[in-house]
Amino acid sequence: MNVVLSVTNQKGGVAKTTTALHLAAGLARQHLKKKVLYIDLDPQRNGTDVLLKKSEFDAEQTVFHLFQGNPITSQQLHETDLENLMVVPSSLQLVEVETMLSNALDGFFRLNENLSPLVNEFDFTIIDCPPSLSVLTINALVAAKGIIIPLQASKFSVDGIHGLVNAINTVQKRYNASLEIIGGVFTMFNERTTISQMMTEEISQNMKLFKSTIPSSVAVEEAHLLKQSLYEYAPKNKVTIAYEQLTKEVYNVLQKIG
Ligand code: ADP
Ligand code: MG
């Protein structure tokens with residue numbers, strides 16, 4: 001299996017980074033022991049900061065290098081504390097990509113093309129998207145086979161879903177016919193509230209939803225601060241167990257669709 005997954009939602013703060021990190025770590029850990037590559041496409045670099053001790057990188061050591069038109073090499077791959085997990089870090093310079101590619105005919109294809117030399121060396125490549133439907137996110141959707149959509153049970157969150165689904169449909173039609181939504185996952189979720197039940201009903205009309213939902217816990221913020229995954233920081237926490245279940249669910253769905 002060499003699958004590229006994009007964790008996408010143009011809304012900020014819905015747990016894209018947290019979900020991408022824990023899917024990546026979950027797939028790389030003991031049970032599954034898959035070779036995983038995490039790509040940070042958000043210029044805010046939250047995922048990079050959690051996974052890597054070093055904080056300063058030259059542009060050639062980051063994903064920005066790929067957007068400049070260079071194929072990936074070992075120079076952009078950075079090891080983490082987890083044996084099977086490598087990272088292509090983000091760069092603040094990613095904010096320039098929109099302007100840099102505005103006249104480039106291959107603007108939407110840079111990531112896909114320049115990732116391809118190494119993509120077969122990883123069982124899973126997980127792309128953490130920025131909170132926008134920008135050229136960076138479109139590049140992720142062009143490069144991906146599957147999309148995972150973290151969702152919050154709030155009205156504003158649901159309002160944004162139509163725009164996201166439209167963008168995904170456009171990419172499917174024009175650039176990447178094999179792209180599909182693997183599923184939406186509710187994060188920071190409290191199933192007992194009325195709003196959660198209303199939102200679950202509403203969103204399930206637009207996309208498949210994972211059975212796993214992710215509850216809230218301060219352990220998430222604490223683990224990020226300590227640059228650890230929840231698997232190390234709080235192995236028995238309800239969020240850790242929920243991400244473990246989600247990882248299994250994602251893995252099973254991917255095995256079915258190949
Ligand atoms: P995004 O990448 O979509 O902007 P993040 O993953 O950075 O979202 O999460 C946004 C904020 O919410 C972060 O401060 C993160 O620590 C916090 N957070 C994420 N998931 C949870 C959770 N399950 N419980 C509590 N806080 C969470
Ligand atoms: Mg993020």
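**Close-up views of a predicted model**

**View 1. Contact between helices H5 and H6.** Arg 110, Leu 111, Asn 112 and Leu 115 of H5 are in contact with Asn 139, Ala 140, Val 142 and Ala 143 of H6. Sorted by class, the residues of this contact of H5 with H6 are five nonpolar, two polar and one charged. The structure shown here and in the other views is a predicted model. Helix H5 spans residues 110-119 and helix H6 spans residues 135-143; their axes lie 7 Å apart and the helices pack at an angle of about 50 degrees. H5 is therefore oblique to H6.

View 2. The buried residues are Val 135, Leu 136, Thr 137, Ile 138, Asn 139, Ala 140, Leu 141, Val 142 and Ala 143.

View 3. Seven strands form an open sheet with mixed pairing, in the order E3-E4-E2-E5-E1-E6-E7. Strand E3 (78-79) and E7 stand at the edges; each has a single partner strand, so one side of each lacks a neighbour in the sheet. Helix H11 packs on the sheet, where it touches E1, E6 and E7, and its direction makes about 165 degrees with that of E7.

**View 4. Strand E1 and its two partners.** Strand E1 comprises residues 3-7 and is mostly covered, with five of its five residues buried. Val 3, Leu 5 and Val 7 point one way from E1, whereas Val 4 and Ser 6 point the other way; all are buried. E1 runs parallel to strand E5 (residues 124-128), to which five bridges join it, and Leu 5 stands opposite Ile 126 in E5. E1 also runs parallel to strand E6 (residues 146-151), here with three bridges, and Val 7 stands opposite Ile 148 in E6.

**View 5. Strand E5 between E2 and E1.** In the strand order, E5 stands between E2 and E1. Five of the five residues of E5 are buried, so the strand is largely enclosed by the rest of the structure. Both of its faces are covered: Phe 124, Ile 126 and Asp 128 are buried on one side, and Thr 125 and Ile 127 are buried on the other. Strand E2 (residues 36-40) pairs with E5 in the parallel sense over five bridges, and Thr 125 in E5 is the bridge partner of Leu 37.

View 6. Ile 182 belongs to strand E7, which covers residues 180-186. Ile 182 is buried, because 22 other C-beta atoms lie within 10 Å and a residue counts as buried at 20 or more. Neighbours within four places in sequence aside, Ile 182 is in contact with Gly 146, Ile 147, Ile 148, Val 250 and Val 253. Ile 148, one of these contacts, is also the residue of E6 that Val 7 stands opposite. Pro 235 is 53 residues from Ile 182 in sequence, and the C-alpha atoms of the two are 26 Å apart in space.

**View 7. Crossing of helices H1 and H11.** The axes of H1 and helix H11 (residues 238-257) come within 9 Å and cross at roughly 75 degrees. H1 is therefore roughly perpendicular to H11. On the H1 side, His 22, Leu 23, Gly 26 and Leu 27 take part; they meet Tyr 243, Glu 244, Thr 247, Val 250 and Tyr 251 of H11. By class, this contact of H1 with H11 has five nonpolar, three polar and one charged residues. Val 250 of H11 meets H1 and is also in contact with Ile 182.

**View 8. The shell around ligand 1.** Of the 18 residues around ligand 1, those that come nearest are Ala 15, Lys 16, Thr 17, Thr 18 and Ser 216. Helix H1 (16-28) and helix H9 (219-225) are the elements that give two or more residues to this shell. The residues of the shell divide by class into seven nonpolar, nine polar and two charged.

Note on methods: Residues are numbered from 1 along each chain as its sequence is written. Chains are lettered from A and ligands numbered from 1 in the order in which they are written. This is a predicted model: local features need pLDDT of at least 70, side-chain atom pairs count only at pLDDT 80 or more; totals for chains, interfaces and linings use all residues. Axes are lines fitted to C-alpha atoms, for helices over the stretch in contact, and angles run from 0 to 180 degrees between N-to-C directions. Helices (H or I, at least four residues) and strands (E, at least two) are DSSP runs, numbered from the N terminus. Angles under 35 degrees count as roughly parallel, over 145 as roughly antiparallel, 65 to 115 as roughly perpendicular and the rest as oblique. Two residues are in contact if their C-beta atoms, placed from the backbone, lie within 7 Å. Ala, Val, Leu, Ile, Met, Phe, Trp, Tyr, Cys and Pro count as nonpolar, Asp, Glu, Lys and Arg as charged, and the others, Gly among them, as polar. A residue is near a molecule or strand if its C-beta atom, placed from the backbone, lies within 6 Å of it. A residue is buried if 20 or more other C-beta atoms lie within 10 Å of its own, exposed if 12 or fewer, and partly exposed in between; C-beta atoms are placed from the backbone. Two strands pair if DSSP finds at least two bridges between them.
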